[in-house]
Amino acid sequence: MSVVTVTTLNFRDEVLNAPKGLPVLVDFWASWCGPCKMLSPVVDQIAEEVDGVKVCKVNVDEEPDLAAAYGVESIPTLILFRDGEIDNQMVGVRPKAAIVSMISG
């Protein structure tokens, strides 16, 4: 499954109203952020390789209100949603295995 770009306009539909039971991994990032650039290919791999998860990205520079609404103070931040609720989150660059473990968790 490909990565979905999420904005304030489609966040509710893409993340909060995702099909019941489908985990949604949201990557909060910025183009100027070095660690975000390191994590981005890992997030892209997860989107392509891991079945049963929806992967979304939010550019915090373009969507500061969305980042603020979810308490994103450092980037990259990964937030895992299940049934419209925050299930787990990670801050900083993490190994692919740790992210996959959080999703399957």
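Begin with the whole chain coloured by burial: buried residues, those under 20% relative accessible area with a 1.4 Å probe and protein chains only, make up 42% of its 105 residues. The model is predicted, so local features need pLDDT of at least 70 and side-chain atom pairs pLDDT 80 or more, while totals for chains, interfaces and linings use all residues. Residues are numbered from 1 along each chain as its sequence is written, and side-chain values use heavy atoms, without hydrogens and water.

Next, switch to a cartoon view. The chain holds 4 helices and 5 strands, taken as DSSP runs (helices H or I, at least four residues; strands E, at least two) numbered from the N terminus. Their order is β-α-β-α-β-α-β-β-α.

Now select Phe11, Tyr70 and Phe81, which ring pairs link into a cluster. Rings of Phe, Tyr and Trp (its six-membered ring) pair if their centres lie within 6.5 Å; planes under 30 degrees apart count as stacked, over 60 as edge-to-face and the rest as tilted. The whole structure has 3 aromatic pairs. In one of them, the ring centres of Phe11 and Tyr70 are 5.2 Å apart with planes at 40 degrees, so the pair is tilted. Phe11 belongs to helix 1 (residues 11-16) and Tyr70 to the loop between helix 3 (64-69) and strand 4 (77-82), so the pair ties together parts 59 residues apart in sequence.

Keep Tyr70 selected and turn to Phe81. This pair is edge-to-face, at 5.4 Å centre to centre and 85 degrees between the planes. Phe81 lies in strand 4 and is buried, at 1% relative accessible area.

Notes: Buried < 20%, exposed > 50% of the residue type's maximum accessible area, 1.4 Å probe, protein only.
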